[in-house]
Amino acid sequence: MTTNGQGLSSKVHEAVVEVASVPIISDHDTLKYHLLGPSLTKAGQDTVDQQKVSEVIYNASKGSKYFNNEEHKDKNLTQKIEKILARKRQLERVDLASDLRRADEYIAELELSRDLSQTVVHIDCDAFYAAVEELDRPELKHVPMAVGKGVLTTCNYHARKFGCRSGMAGFVAMKLCPDLICLPLNFAKYTAKAQEVREILVDYDPRFESASIDEAYLNITQYCEEKHMDPEDAVSQLRNEVAEKTKITISAGIAANAKIAKIASNRNKPNGQFRVANDRATILAFMRDLPTRKVNGVGRVFERELDAIGVKTCGDLYSQRAYLSKLFGEKAFQFLMQCYLGLGRTKVQPAEDYERKSVGTESTFHDMSDKVELREKLRWIAEELEKDLTRTQFKGRTLVLKVKLHTYEVLTRQVIPPKAVRTAVDLYTYSLPMLTKHEKEIPGMKLRLMGLRCTHLVSTKRSGTDFFGMRHPSAADGEPGPVNTIVDDNGEWEVWPEEEFEEAARQERQDEMNELEQLSQEQDTNGSDPPTAEEQLEEANRRHKHGREILPNPDPTYRGPNSSVGFQKPATNHVPPAKEEEPFWPCPICARPQSTNDKDFNDHIDFCLSKQTIKEAATETSSSPPALEKPLLDGRGKENSNSNSNSGGSGSGSGRGRPKGKRKSEAVGDRGNKRLFFGLQRT
């Protein structure tokens, strides 16, 4: 069964509708909505007067650098929407019959791919950080409480009734709820508790997928078949087991695919579950009235753009299907049509099985302009990135430097080093010129964030080699794979474009957190125990770094000394790095794998070239029958006919094969046969 989704409060929703349908009188109408933040759809907000909350945020942040930056972004978005509307008015005057037909054909094609045979579950721990803290301090269960001081990471449901939520500056939350109790973050404690939950999940799906420290996807199709259980009964059993063993509660969504399961898990929070039946009509009805913002991958910006053209729910997408690709691009069109139909991936796999595109780290700090301090910060970031690269067992062919100015403007530069890099020394050496160039171009440059990221990754994991010493190529070596494409166990293609949109939404939330951290540091708080600027910076950097590690799923066959299933990682979450093996570069002469050290690689090439020269000289002076010359090949790998123009044999034909009248053994001779034994002489 399905019910109407939880929407924005009626006042805010009406305000957004009005802004989208008429010319904007005041830029600050949309700015106030924008300031509500990326976590507006969090559970527990349905009874909150969001208009009042937006006024508090607006007045509390007005005049700050954060406010000015948000105002600038809102104006740019307004201008972008005006261009979208102008483009739509142009399209309304032309014949879009072909676009409409193409959209309908794509919808029909998508319908053929609908899979209703799987049962996917999304589980989400209820106010996880707060729930873990309440285990140590039970008295906090009955009062408004949050975790995080500079910026709230989460808060309990008592605090949510006041409009407090994750991703909100602490001093703003205190204005909404003066009695709010804020606790510092304790990531070791949260990681240990998360592992307890993971050890239960592995019994239901050994290949479950961790989406974050407090949420995961499971495919319980096989479990239900083996146990002869209804999916709702299995999930209810899972939730009860987690509550009994870990003393925290989880909410769950049950559906035919991951997209709907994610949405459904937010329906009956806290400590509830909601199922969308594996039925086409039920799924379409569920998506029809669902606000677009409820879909994972639709953030604040995309929501406003869609709202401007009259798309407020997923059901509204159908009437605009002919315009979507023209206004937002082909990928957005495909993503939105799949949202309309309620389609998504059914493949669930451990997070570590996904191809990694980059490894990076960044740090926020007070406005910094001193060149010595900036270089010290860059060196520290390089050391942190080396740790991450060692842990994930990658090197990077491309190095990216990201900086954020004190004006919130973000700048990036990238360089391709002569070799894949991993060590802090190399990372610092190749990133320093990029920082220096920024300093030359921006006199008096002040930074508040700096980061390094490696892309085009090369795996340093041990990989197999064949009998000849040749290394087998793999996707882990940094070769690009299919974009947004997964191959299932049957070798069939399952293509879903939501990955890019979900990643963009995650980045939007992360950017918002970074900016709110700076806002919090600018303000004078009047709380009972306001955090110092240094404490806020430390908290911000620990929050950003935490959760980026990909932990392997617990092994359900392993039982520890206390007969607990799975491997219990220490509370520090330290994962010892695996023994590293250097990647190889193939020699262009002999094609054998060689060290990536520049000097060693060049020496080997020189040796191969000199060996070939010696071999040719020996052949010219030898009295034994000469070996066949290798034919000249054209650019497509075929034998060039010009190479046979001066030969004594027939010059016609393709020139393939050996000369007539000669067997291979006669042409090559015994010396050629001896070479096949890799230097071992026959007796």
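Colleague: How many helices and strands are there in the protein?

Modeller: You'll find 22 helices and 16 strands. Helices (H or I, at least four residues) and strands (E, at least two) are DSSP runs, numbered from the N terminus. This is a predicted model, so local features need pLDDT of at least 70 and side-chain atom pairs count only at pLDDT 80 or more, while totals for chains, interfaces and linings use all residues. Residues are numbered from 1 along each chain as its sequence is written, and side-chain values use heavy atoms, with hydrogens and water left out.

Colleague: What share of the residues in the protein is buried?

Modeller: Buried means under 20% relative accessible area, exposed means over 50%, and partly exposed is in between (1.4 Å probe, protein chains only). Here, buried residues make up 47% of the 683.

Colleague: And how should I read the contacts between residues at least 6 apart in sequence?

Modeller: A contact means heavy atoms within 4.5 Å. Of the contacts between residues at least 6 apart, 69% join residues at least 24 apart.

Colleague: On to rings. How many aromatic pairs does the count come to?

Modeller: Rings of Phe, Tyr and Trp (its six-membered ring) pair if their centres lie within 6.5 Å; planes under 30 degrees apart count as stacked, over 60 as edge-to-face and the rest as tilted. That rule gives 10 aromatic pairs. Take Tyr129 and Phe187: their ring centres are 6.1 Å apart and their planes are at 80°, so the pair is edge-to-face.

Colleague: Which parts does that pair tie together?

Modeller: Tyr129 is in helix H6 (residues 128-136) and Phe187 is in helix H9 (residues 187-204), so the pair ties together parts 58 residues apart in sequence. Tyr129 counts as buried at 10% relative accessibility, and Phe187 is buried with a relative accessible area of 10%. Ring pairs also link Phe128, Tyr129, Phe187 and Tyr190 into a cluster.

Colleague: What about Phe302 and Phe328?

Modeller: They form an edge-to-face pair, 5.7 Å centre to centre with 75° between the planes. Phe302 belongs to helix H14 (residues 300-308) and Phe328 to helix H15 (residues 321-328), so this pair ties together parts 26 residues apart in sequence. Phe302 and Phe328 are buried.

Colleague: Which ring does the charged end of Arg321 sit over?

Modeller: A charge sits over a ring if NZ of Lys or CZ of Arg is within 6 Å of the ring centre and within 35 degrees of the ring normal. Arg321 has its charged end over the ring of Tyr318, 3.8 Å from the centre. Lys377 lies over the face of Trp380, at 5.3 Å from the ring centre.

Colleague: How many salt bridges does the count come to?

Modeller: The general idea is that side chains of opposite charge can pair when their charged atoms come close. A salt bridge is a side-chain nitrogen of Lys or Arg within 4 Å of a carboxyl oxygen of Asp or Glu. The count is 31. One of them joins the side chains of Asp136 and Lys189 (2.8 Å, N to O). Asp136 is in helix H6 and Lys189 in helix H9, so to speak a link between distant parts of the chain, 53 residues apart. Lys189 is partly exposed, at 24% relative accessible area.

Colleague: Where do Asp388 and Arg391 lie?

Modeller: Both are in helix H17 (residues 371-392), three residues apart, about one turn of the helix. Asp388 counts as buried at 4% relative accessibility, whereas Arg391 is partly exposed at 22%. Elsewhere, salt bridges that share partners join Lys65, Asp367 and Arg448 into one network.
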